[in-house]
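I opened a notebook page for this structure. Below is what I looked up, in the order I looked.

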Amino acid sequence: MELSSPSSNHSVQGSSPWRVQFLGTSDSLGVPRVYCECEVCMEARDSQLNRRLRSSVLLEREEVVTSEYEHVLIDCGPDWAEQMERIGKRWIDRILVTHAHQDHIAGLPAYADCCRWMERRGQVYAPLEVLQTIQTMYPWLSLHITFTAIEDEWIWEDWVVTPIRVNHGKNGYSYAYRFDREVAINSGEVQTYSWLYASDAIGLDEQELKHFTELDVLILGTNFYEEPYEYHTRSVYDMVEALELIERICPRQTIFTHMSHGVDVRSDYKLPAHVKLASFGLELQV
């Protein structure tokens with residue numbers, strides 16, 4: 001497998017505004033489920049308020065992007081091509097992968113084919129164990145993609161990106177990513193802005209949660225409002241559990257994503273004012 005070392009020659013301090021845009025907000029099977037005629041799936045086929053593509057977000061500068069190095073996609077699932085069409089992009093230079101499950105990496109062959117046709121080399125980042133699994137599943141990708149292993153941190157543009165190995169329940173493990181950057185405020189002082197993406201996690205312990213403190217934004221996967229299945233069969237928080245977690249770690253804002261057909265965006269879940277459900281195209285300034 002072709003691997004390179006992450007670049008570390010950028011300054012962390014910066015004042016340019018950045019945004020996170022949601023390109024997908026579903027769990028592994030998407031909404032509607034092809035086999036399902038539940039109320040949520042039927043509505044998703046009709047008015048499409050509940051239509052959801054597989055989970056992914058794009059981090060980029062808010063102003064017109066003039067450099068290919070100023071955006072990074074988190075995860076590249078089977079809906080990647082449709083997501084790109086929806087936002088009118090023809091190229092993604094960097095992809096950060098949370099784990100090697102198909103709903104997070106099945107778009108990589110299409111990405112590699114894009115690289116081939118455009119005669120440009122793609123860049124995929126993740127901890128080594130994730131990259132090794134991807135290469136086992138898709139051994140030809142390295143013809144068109146350079147894989148870069150991240151272990152402790154990755155310094156990219158204004159951001160220090162920290163991978164956090166998290167419990168994924170019956171599915172083993174995933175990685176969450178914490179993003180920190182220094183921001184100059186009006187008084188001339190510098191403060192740290194922090195947001196964290198954890199699409200696939202459950203039952204986090206103290207070691208994992210030490211990275212979840214002092215967050216401006218937490219993006220957290222919640223498959224259901226209250227998941228009806230036995231705990232040992234599960235792999236992602238539900239909203240009831242997530243609200244308990246939020247009360248404990250106190251992020252300033254939380255967005256729930258990775259939602260199954262057990263979540264109906266038309267319902268009133270009586271969420272706190274600082275908690276909301278993600279939707280396609282939702283943008284957050286970070």
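**Aromatic pairs and the core**

I counted 13 aromatic pairs, taking rings of Phe, Tyr and Trp (its six-membered ring) as paired if their centres lie within 6.5 Å, with planes under 30 degrees apart called stacked, over 60 edge-to-face and the rest tilted. The model is predicted, so local features need pLDDT of at least 70 and side-chain atom pairs count only at pLDDT 80 or more, while totals for chains, interfaces and linings use all residues. Residues are numbered from 1 along each chain as its sequence is written, and side-chain values use heavy atoms, leaving out hydrogens and water.

I looked at one pair, Trp-159 with Trp-195, and found it edge-to-face, 6.4 Å centre to centre with 90° between the planes. Trp-159 lies in strand 9 (residues 159–167) and Trp-195 in strand 11 (residues 190–198), 36 residues apart; strands are DSSP runs of E, at least two residues, and helices runs of H or I, at least four, numbered from the N terminus.

Is Trp-159 buried or exposed? I noted Trp-159 as buried because its relative accessibility is 0%, where buried means under 20% relative accessible area, exposed over 50% and partly exposed in between (1.4 Å probe, protein chains only). Trp-195 is buried too, at 0%.
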